[in-house]
Amino acid sequence: MNSPLPERAGRRCHNAINPLHSAHYFSPDLGTELAGIGIEDRNAAYFGARAAAMGPVGAGTVTATFYNFKHELVARHVPAVWRIASPETVLAARARAVDATLHRLLGKEALASKEMAEAASLALRATEACSRTARPLYAAHADLPVPEEPHLAYWHAATLLREHRGDGHLAVLLDAELDPLEALVTHTATGKGMSPRWVLGTRGWARQDWEAATERLRSRGLLDADGELTDAGVALRRDLETETDRLDRAPYEHLGTAGVERLTELAAGFLGAAVAAGAFPAGMIGKN
């Protein structure tokens, strides 16, 4: 029987794994591959790539499962994106984009290394304990086949772990009575979330929407007059992450302390190389 995991060990592992999964959303390779199948709009490409595992779903399903996008933005592109390319075609293009992105960021030698194969094995083992129940994005991706190549298998496992935690996090946000934009505003206020400029430029919200959400949070005592988290706001954000950890503990408990530590070490190494190679745009994270 595995010994109890150290506090936040699962979260630390997730924080090392998740960004490498997310890197393809910022990669020019995704835009190139999806433009090649006729999807040229940036938002349509994102919605299509992330939602394709669920099949040709409508705007309501995407809004519900993605949570922090304004529905009107989603509805401009979904379900229209499926008239341009089927979900199966989008998934194939996404896989090509991920392959190209990982080659560009990490290099052929790293992708063929024993460390990559080890990371893929550990991450896939962790996913064995994930649960489909009430986790639609995870469940949809869990129905996809595991790629044979170790670097794509690692990315696939990272996707499962990301969406498993994310689906649980949405339940926690609902329980805390934070609507999509309030969740974004409070996360930004921690200094670890997306900047307001980035949110407003990618999620479909207008400045007046942001200000209205900020005022609602002030009325609840979660933000002060300067838009900073109050003590109650800090406590809420801490409790959100702690409860998300609780709902997401199964895969990391299944992997065990030694496995989690090793996977975190390997994932951090790959992530560091990707960041050094320019995987993420400047100015995305911050309060301003």
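## A buried cysteine

Let's start at C13, which is buried (under 20% relative accessible area, with a 1.4 Å probe and protein chains only; over 50% is exposed, and anything in between partly exposed), its own relative accessible area being 0%. This is a predicted model, in which local features need pLDDT of at least 70 and side-chain atom pairs count only at pLDDT 80 or more, while totals for chains, interfaces and linings use all residues. Residues are numbered from 1 along each chain as its sequence is written, and side-chain values use heavy atoms, without hydrogens and water.

The closest cysteine sulfur to that of C13 belongs to C130, 11 Å away and too far for a bond. C130 is buried too, at 13% relative accessible area. The structure holds 0 disulfides (pairs of cysteine sulfur atoms within 2.5 Å).

## Helix α11

Helix α11 covers residues 150-175 (helices are DSSP runs of H or I, at least four residues, and strands runs of E, at least two, numbered from the N terminus). Because 21 of the 26 residues are buried, α11 is largely enclosed by the rest of the structure.

## The nonpolar cores

The largest nonpolar core has 37 residues, and I17, L106, Y154, L263 and F270 touch the most other members (a core joins buried Ala, Val, Leu, Ile, Met, Phe, Trp, Tyr and Cys residues through side-chain atoms within 4.5 Å). Helix α11 provides the largest share, 8 residues. A second, separate core of 30 residues includes L30, A49, M54 and A97.

Technical notes
Expected span 1.5 Å × (residues − 1).
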